[in-house]
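Welcome! Please open your viewer and get ready to select residues as we go.

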Amino acid sequence: MIQQLIYSVLLLTATSNAAATPPLGFKRQSLLSKYSNVYENATCSECSLYEPAASATAPKANIWSQISPDDNLAVWNLLHDPASGLNLTDPDSATITDNYVWYIDTVPVNKSDALPYIDGDGPKPSPWARVIIFEGGKQEPVSQEYMVGPLPVSTETGIQKLDYVFNGGTGGSVPFNGRYFDAKRDAASEPLLISIMSNLTDITSSLLGGVWYGSSDPRTTLTSTTTAPSSFDGTQSFQVIMFRFPGTATYLRPLDFFVMLDSTGTDASLYKLKGIVTNTRFFPTVDELREAFEAGELAEDFYQPSDDDWAMVNYNPEMGVRELEEKFAPQSVEMGGKRYKLDSEQKYVEYLGWSFYVAHTSSRGVMFYDIRFKGERILYELSMQEAAAQYGGFQPKAATTLYHDTYYRLGADIFPLVEGFDCPFGSSFWNVTIHNGNKTTVNPNSICIFESDAGFPLSRHRAGATSNTFGFSNLGVVKGSMLTLRSIATVGNYDYLFDYAFHVDGSLEVTVRASGYLQSSFYYPDQGKWGPRIQEATQGSLHDHVVTWKADFDILGTENNLQVTDLKAVPTTQPWWPELGEFEQIELDIYNMKTEQQFNWQDNGQSMFCVNHASKTNKWGTSRGYRIVPGKSNIHLSTLNSPFSRHNTGMSKSHLAVTRQHDTEPWANSIQNLNMPWKPQQDFMKFFDDESVENEDLVVWFNLGMHHFTRSEDVPVTLYSEAVSSIMFAPQNFFDSAQDSDLRNRRWIVPADDNVTVAYDTFGIELPQCKVSLQESNVAQIFEL
């Protein structure tokens with residue numbers, strides 16, 4: 001209803017000249033105290049901040065969820081049954097020459113099976129377990145993937161090789177030398193490393209200030225770390241071992257000493273030294289290193305601090321005090337109550353027109369399925385595929401390092417969040433369950449869901465040019481808000497924050513941020529081309545972060561096109577400007593991509609990419625679709641021909657790609673690709689085989705990330721404010737008009753006829769008056785089921 005502004009009435013009674021123009025700016029503010037007591041006698045209840053979200057009922061079961069703890073245990077028992085013929089050893093007692101289970105997760109549901117179920121009366125697809133077994137006991141040792149199902153385990157359940165989802169030529173099999181370098185492989189090579197380092201203690205004491213006798217030897221004062229990849233094609237295996245000072249901040253205290261080992265095969269007696277590097281010199285043998293040391297040719301000019309207090313994410317009073325920083329920082333709170341609904345059992349969400357399912361796996365973390373807005377499907381799947389990082393430098397670890405964080409089970413590193421700091425107070429929280437062998441652990445409160453102010457109005461306009469003293473005839477403004485689902489994965493040194501924000505206008509935004517410790521290098525004054533000095537003996541290592549996503553669009557169905565709109569400056573003539581002759585102006589060149597391809601954002605943002613339905617149009621005859629909108633720091637991998645990322649990281653080498661959807665191509669990458677850069681288990685480049693993408697079921701692969709130009713402000717840790725990348729999917733002629741007219745959280749303001757007051761319509765959405773009582777967060781403990 002239309003209301004007279006309370007403060008306008010008070011202004012009239014508070015000023016001596018009622019006919020005068022209402023006071024503006026600071027004069028109006030100075031009268032605040034005269035009318036602020038209007039609310040003093042209002043009933044002030046407790047805000048519903050911590051009330052749970054209302055319940056929703058998922059229309060169908062969440063067929064994408066990971067296998068249950070009971071199914072995980074049943075699969076484990078089935079695999080270890082002698083009747084399986086797998087000849088498995090318990091991992092607790094196994095060595096590299098045994099067969100043992102490394103990994104149990106979930107086989108993705110085939111889309112061809114899912115759509116008949118979620119869209120009709122088709123049968124519910126049964127879950128299958130994905131299992132990786134290290135088969136070191138075979139004559140030709142390999143890592144082999146299996147699928148076990150259907151689940152739950154019954155007489156119909158079988159064990160078969162999981163080959164159909166890999167295109168590298170060997171199916172689910174990876175050579176022993178290219179498999180994951182787990183603790184058992186480390187243990188096999190450690191005796192060789194001990195024999196080398198225990199004979200160099202005088203040298204390491206002098207150069208490094210520490211010694212290494214083995215990872216569990218109490219005399220050891222250094223810590224060791226290896227790099228990846230550890231093979232090129234599975235025919236050989238190597239380790240580049242770097243030494244650092246131990247502690248929480250070990251990543252920022254690197255030392256100038258590297259040992260390179262040849263650890264090929266399962267016979268550890270054949271492992272050998274490849275060389276030692278220090279002072280940027282390579283020594284093939286221990287004797288050559290000792291000869292140089294005794295000749296006085298080796299010395300260090302810089303030394304790491306003996307303490308690491310400077311590298312803690314803790315308060316440092318030595319930096320001084322900022323004025324007014326003793327006040328609690330602003331907070332985003334859902335004062336009016338939660339406007340979203342949850343089916344926590346099925347991991348299903350509804351929010352102001354949006355609906356979607358959430359799933360999780362140990363490798364890829366949080367994934368989304370059947371994303372709809374106002375009942376119409378936009379995306380069948382939105383899932384992170386890989387978080388790659390490649391480094392550069394003139395030191396063995398920096399120059400070699402490529403990381404694939406799914407290899408390290410990124411999804412298993414999603415841990416409990418700190419309410420009020422990681423997520424707003426009053427957020428909804430979901431647990432994450434992780435299967436480890438025959439056990440399941442629960443990471444409580446590891447996914448948070450919250451609605452927040454967008455930080456800007458969704459839309460507004462002030463219509464001016466009137467004769468009243470306010471200077472406008474009407475003013476409309478719509479509040480911007482969004483629902484965010486967030487998780488943070490701490491993978492080794494980095495804390496990746498993943499946000500999926502569902503805006504009220506039908507736009508969907510994906511953001512990734514990076515904090516945590518740098519993987520740094522030892523400082524050399526002449527190596528500035530790979531990063532600056534950031535501590536006494538530490539250099540920030542230049543590197544790329546590239547995070548790949550899969551966006552399986554289903555714009556109103558599976559018959560989609562990827563439309564390109566190029567903005568071009570072209571010469572033109574127009575009869576009403578004869579005196580100009582030919583002049584330049586902009587126009588659009590619109591066409592559909594014809595075949596599968598990788599492509600990049602264009603210079604100056606002069607191309608628009610939209611996924612449209614092949615035939616359905618809006619009221620105005622325009623194809624209905626969603627635009628892919630670049631955000632912050634949309635990059636791809638800088639090194640396109642590195643031997644360490646040659647063929648195993650193809651998904652990271654362009655901004656975008658489009659392919660036909662196939663059940664046999666569920667992932668851009670294999671979690672065991674890392675150690676197979678020359679002969680990967682999954683070769684993303686083989687997806688592009690000239691198939692048509694016109695009027696087809698399309699998958700868009702996109703990359704977010706950052707070129708990490710390291711800086712001293714990365715100490716103690718990198719800041720989320722700067723290390724950020726994002727993308728948005730926004731309606732592009734999907735509707736007949738903007739999706740804001742049906743939102744009541746708005747104000748419509750019109751000057752009254754008396755020329756001294758304004759009237760406004762609240763549309764029934766009044767300002768809540770309630771007391772906010774925040775509760776200090778209690779970080780939940782991880783527990784085992």
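This tour visits the disulfides and then the cavities of a predicted model.

**Stop one: the disulfides**

A disulfide is a covalent bond between the sulfur atoms of two cysteines. How many disulfides does a search of the whole structure find? The search turns up 2.

Begin by selecting Cys47 and Cys770, which are joined by a disulfide with an S to S distance of 1.9 Å. This pair ties together distant parts of the chain, 723 residues apart. Cys47 sits in the loop between strand E2 (45-46) and strand E3 (54-55), while Cys770 belongs to strand E41 (residues 770-771). Look along the S-S bond of Cys47 and Cys770: its torsion is about 80°, so this disulfide is right-handed. Both Cys47 and Cys770 are buried.

Next, select Cys423 and Cys448, where the S to S distance of the disulfide is 2.1 Å. Here the two cysteines are 25 residues apart, again linking distant parts of the chain. You will find Cys423 in the loop between strand E19 (402-404) and strand E20 (428-436), and Cys448 in strand E21 (residues 439-453). Is this disulfide of Cys423 and Cys448 right-handed or left-handed? The torsion about its S-S bond is about -85°, so it is left-handed. Cys423 is buried, as is Cys448.

With the bonded cysteines numbered in sequence order, the pairing reads 1-4, 2-3. Before moving on, click on Cys610, a buried residue with a relative accessible area of 0%.

**Stop two: the cavities**

Rolling a probe the size of a water molecule over the atoms shows where empty space is left. In this model, the count comes to 7 cavities of 30 Å³ or more.

To find the largest cavity, select Pro108, Val109, Tyr369, Pro666 and Trp667, the lining residues that lie nearest its centre. The volume of this cavity is about 340 Å³, and 29 residues line it. Now colour strand E4 (99-106), strand E17 (365-373), strand E18 (376-391) and strand E30 (543-553), each of which supplies at least two lining residues. Which of the strands gives the most to this lining? E18 does, with 3 residues. By class, the lining has 13 nonpolar, 8 polar and 8 charged residues.

For the second largest cavity, select Arg364, Gly365, Val366, Met384, Leu410, Ile414, Ser487, Phe498 and Tyr500, which line it. The space inside comes to about 50 Å³. E17 and strand E25 (494-503) each provide at least two residues of this lining. Its residues divide into 6 nonpolar, 2 polar and 1 charged.

How values were computed
Residues are numbered from 1 along each chain as its sequence is written. This is a predicted model: local features need pLDDT of at least 70, side-chain atom pairs count only at pLDDT 80 or more; totals for chains, interfaces and linings use all residues. Side-chain values use heavy atoms; hydrogens and water are left out. A disulfide is a pair of cysteine sulfur atoms within 2.5 Å. Helices (H or I, at least four residues) and strands (E, at least two) are DSSP runs, numbered from the N terminus. Buried means under 20% relative accessible area, exposed over 50%, partly exposed in between (1.4 Å probe, protein chains only). On a 1 Å grid over the protein atoms alone, a cavity is a set of points where a 1.4 Å probe fits but cannot get out, and a pocket is an open set with protein on both sides within 12 Å along at least five of seven lines; lining residues have an atom within 4 Å of a point. Grid points are joined across faces, edges and corners, and a volume is the space filled by probe spheres set on the points. Ala, Val, Leu, Ile, Met, Phe, Trp, Tyr, Cys and Pro count as nonpolar, Asp, Glu, Lys and Arg as charged, and the others, Gly among them, as polar.
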